[in-house]
Amino acid sequence: MIQIESVTKRYPDGTTAVDNLSLDIPDGSITVLVGPSGCGKTTTLRMVNRMVEPTSGRILLDGSDITEQPVNALRRSMGYVIQNAGLFQHRTIVDNIATVPRMLGWDRRKARERARELMGRVGLDESLARRYPYQLSGGQQQRVGVARALAADPPVLLMDEPFSAVDPIVRKSLQAELLRIQQELGKTIVFVTHDIDEAIKIGDMIAVMRTGGRLAQFAPPDELLSSPADAFVEDFLGTDRGIRRLSFFTSDGLQLTAEPVVAVDADAEQVARATAAGSPYLLLTDAEGKPLGWVAPQDAAGGADKVAVGRLLPYGRPFAAGRESLRDALDCAVLSPTGWAVAVDGEGKVAGVVSQETIGAAIRSAHAEHRDGGGAGRASITKAGAAT
Amino acid sequence: MSIFQFISDFFRDSAHWHGQYGIPHRVLEHLQYSFMALGIAAGIALPAGLITGHTGRGGNALALIATAARALPSYGLLVLMFFWLGIGLTPVMIPLVALAVPPILVTSYEAMRTVDPAPVDAARGMGMGPVAVLFQVELPVALPLILSGLRSAAIQVVSTTAIAAIVSLGGLGRFIIDGLSQRDYEIVVGGATLIVGLALAMIALFWLIGRLAVSPGVRGGR
């Protein structure tokens, strides 16, 4: 555990970058420091590996003061990833990644072997090993930066706005990759970003900091969204935090119905049975059970096979039942012209359909359960959809 | 007589290829003076430029020194030093070193100052010591610019070392000075041609050093 105890950083010109900050960063999870520019988040991170020395206060790593060991030994025990990757352009990719193992005295062959292994882990093709950084895209370079930080298998990873300089699509895949790697490795990660959406997506705990280097709130993302500590945090979170919070509610318990679902070869009798269930629309599926589109019951009265596929209403995008969150389910329902969301299983076959009203009810009961469950309820909150 | 006639006559005369006054010996002398001056200049200017560039401090003072040194006339300085110090290598070395210092100083300062700070920050954050950061992170990237400074210094020094002959030393300047006094223009042109050839050889030499010493990752990235 990293304990930041009443740490203040004041510069000679009088500016206070970090003001009496105390924070317990839990092991094996991702703690995000987030806030507007000038809030001291990067300074805080850089004090953990002593790139910046605090004016007062202390930082403990597993109970002992970080100033007790030689500064370079401390830094070698922590992976460090920065915004533009900061790769050594005169070294090949494999030698970039092998930097810390080489500093720790590994022989070249063993260090390179380890580097190649890590390339696979961060999703880089091994054919890039002998390339130089300028031959890689920004996203690939950032992956190399992460691999380099992981090379000596440090228990702690410090990441300073690692994904800010890449385009949104690449950023999304890097975030997903980080969550996947974290699932495998369980590092203690301190992650700095100015992007609250990124913080909510990847953080297990989020420390919101305000200008002047003070802590505004330290909470898990779900709690941050449901009960911001003050107007600053609320404002920083943005206007749609209610919707965003739904990402933390699983669609597991959602009541799906298969009654309005008919196969494309259904005869008039089967259509009549489905119509009798009272749904305003029927969902047609192909022979494999994959969705084709919605149709009004009267248009299909003569049998589903009589319906021209071109006349079907589009079904929008389906959501993966149980794996995606209530936010995804609601989004699908809102996108659907009929107001019904289509749920599919892992193979893309229709698992059932669900109306906006049913999703609304599920949201209300999730809120209620969460309030009653209190702290215990936190365990049931999943990062559904975050890793996809 | 055309200049090409002079050149071909000069190089074809076998008398010019032997002994203490022959071409090989003069070239060797010329290179000795040049590399000595270049070595001294690099010994002064490289550390000064690298350190100021690395720390980012003293850049203004350095620019001032470089500009002042550039303003010094080599010929005038030589004559002055000769009358002050007498015959010897030192009065020749002083103007040559003064000539070579500014390009080395300015480019090595620039080279260090323009090194991308991100890899340096990453290296320090990974626990690399300051000496290792300098030699393993900054210098390899700054090398092309540093070499270009050494190259211009080398070209200028090789061209100017001819003035050594004015104060009775050897080198290729001998052909020019002696040729002029004897009104033997074949020798003058021959000596001048050899100096041009050596200057071109310097370009080739530094190109080769660049190929061997600069990482393909740095060359390709520019």
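Predicted model: local features only at pLDDT ≥ 70, side-chain atom pairs only at ≥ 80, totals over all residues.
1. Domains of chain A. Chain A splits into two domains: domain 1 covers 2–247, and domain 2 covers 261–362. Taken over C-alpha atoms, the centres of domain 1 of chain A and domain 2 of chain A are 44 Å apart.

2. The sheet β11-β12-β13 of chain A. Three strands of chain A make an open sheet, ordered β11-β12-β13, with mixed pairing. β11 (261–263) and β13 (291–295) of chain A are the edge strands; each has a single partner strand, so one side of each has no neighbour in the sheet. From one strand to the next the twist averages 30 degrees.

3. Pairing inside that sheet. Strand β12 of chain A, residues 282–285, runs antiparallel to β13(A) and is joined to it by 4 bridges. As background, strands of a sheet pair through backbone hydrogen bonds, in either the parallel or the antiparallel sense.

4. The sheet β14-β15-β16 of chain A. A further open sheet of 3 strands in chain A has the order β14-β15-β16, and its pairing is mixed. Its edges are β14 (319–320) and β16 (350–355) of chain A, each of which pairs on one side only. β14(A) and strand β15 (residues 340–344) of chain A are parallel and share 2 bridges. Phe319(A) has Ala343(A), in β15(A), as its bridge partner.

5. The helix on that sheet. Helix α13 of chain A, residues 326–335, packs on the sheet and touches β14, β15 and β16 of chain A. The direction of α13 makes about 130 degrees with that of β15(A).

6. Make-up of chain B. Chain B contains 10 helices and 0 strands. Read from the N terminus, its elements are therefore listed as α-α-α-α-α-α-α-α-α-α. Along the principal axes, the C-alpha atoms of chain B fill a box of roughly 70 × 40 × 25 Å.

7. Helix α2 of chain B. This helix has 33 residues, 23–55, and at 1.5 Å a residue should span 48 Å; its end C-alpha atoms lie 46 Å apart, which agrees. Just after α2(B) comes Gly56(B), with a positive phi of about 75 degrees.

8. Contact between the chains. On chain B, 19 residues are in contact with 22 residues of chain A. Three helices of chain B, α6 (117–125), α7 (130–160) and α10 (216–220), each supply at least two residues of the side that touches chain A. The largest share of that side comes from α6(B), with 6 residues. By type, the residues of the side of chain B that touches chain A are 10 nonpolar, 7 polar and 2 charged.

Notes: Residues numbered from 1 in each chain as written. Chains lettered and ligands numbered in written order. Domains from an automatic or database assignment. Contact = placed C-beta atoms within 7 Å. Nonpolar A, V, L, I, M, F, W, Y, C, P; charged D, E, K, R; others polar. Pairing = 2+ DSSP bridges. Axes fitted to C-alpha atoms, helices over the stretch in contact; angles between N-to-C directions. Expected span 1.5 Å × (residues − 1).
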